[in-house]
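Morning, everyone. I will go through one structure in a few minutes, so please have the sequence and the picture open.

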Amino acid sequence: MSSIGSLEEEALKRKARLNALKNKRSGESSEPESKKSKQDENEPKRPALKFRSYNPKDEFLQERQLPRAKPESIASEIEEKLKSNANVEVEDQEINLTSLAPKKPDWDLKRDVGKKIEKLERRTQRAIVDLIRLRLEKGEVNLADAVLQTQRNDVEDED
C-alpha cells in the first residue's frame, strides 16, 4: 500500500507543477510579491518620451511635450567677427583668371577625339592623292602645279 500512497503524492506534485505552468503562461504566478519586485528591477528602464517638434493630440502625451526652444541672439558675435576682420587688409581685389583656369582646358577632348582625328587625316591625305591623280590623268602634266592647286582648294574649303 505504500506504493499507492507514493503514487498519490506524485500525482499531487504533478498537479501542482501543471497549475504553476498554467499560471505562468497566463501571467499569474503564485510567487510571492518580493520576487515580482525583483523581476521588475531587472527589466530595463525605458526612456521617458520627450516631444520637441511633435505636437501630440493625446492629453496624456501633451504633458510630456517640451516648450518651444527660442534661438539665441548671435548678433553680438557677428559684430565682433566683423570688427576683427575689418583690421585685416584686403589683398589685391583683382583675381588673375589665368591662374584659375586650367592650362589646357581641352586636354580631355583631345584625348577622346585623337583617334578619330588621325583616321580623318589619313582619309584626307588619300583624297588629296586621288585628286592629284585625276588631274594628272586629265592631261595636266605639271605635277607641282597640280599639288599646289589641290592645296589651294583645300584652304579655300576650310575658310
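A salt bridge here is a side-chain nitrogen of Lys or Arg within 4 Å of a carboxyl oxygen of Asp or Glu. The structure holds one of these. Arg-111 pairs with Asp-112, and their closest N and O atoms are 3.1 Å apart.

Before I go on, some ground rules. This is a predicted model, in which local features need pLDDT of at least 70 and side-chain atom pairs count only at pLDDT 80 or more, while totals for chains, interfaces and linings use all residues. Residues are numbered from 1 along each chain as its sequence is written, and side-chain values use heavy atoms, with hydrogens and water left out.

Arg-111 has 52%, so Arg-111 is exposed. Asp-112 has 48%, so Asp-112 is partly exposed.

Now the overall picture. The protein has seven helices and zero strands. Helices (H or I, at least four residues) and strands (E, at least two) are DSSP runs, numbered from the N terminus. Of the 159 residues, 4% count as buried. The accessible surface comes to about 16300 Å², and 53% of that belongs to carbon and sulfur atoms; these areas come from the Shrake-Rupley method with a 1.4 Å probe, and for residues only the protein chains shown count as cover. Contact means heavy atoms within 4.5 Å. Among contacts with a separation of 6 or more, residues 24 or more positions apart account for 3%.

Next, helix H6, residues 107–138. Ile-128, Ile-132 and Arg-135 are buried in H6. Just after the helix, Gly-139 takes a positive phi of about 130°.

How many residues of H4 are buried? The count is zero among its twelve residues. Leu-82 is found in H4 and counts as exposed because its relative accessibility is 57%. Leu-82 also forms a nonpolar surface patch with Ile-74 and Ile-78, about 290 Å² of accessible area together. An α-helix has 3.6 residues a turn, so residues three or four places apart point the same way.

Last, a loop. Ser-53 lies between helix H2 (33–42) and helix H3 (59–62). At 65% relative accessible area, Ser-53 is exposed.

Notes
Buried < 20%, exposed > 50% of the residue type's maximum accessible area, 1.4 Å probe, protein only. Patch = residues over 30% accessible without salt bridge, like charges linked within 9 Å, V, L, I, M, F, W, Y side chains within 5 Å.
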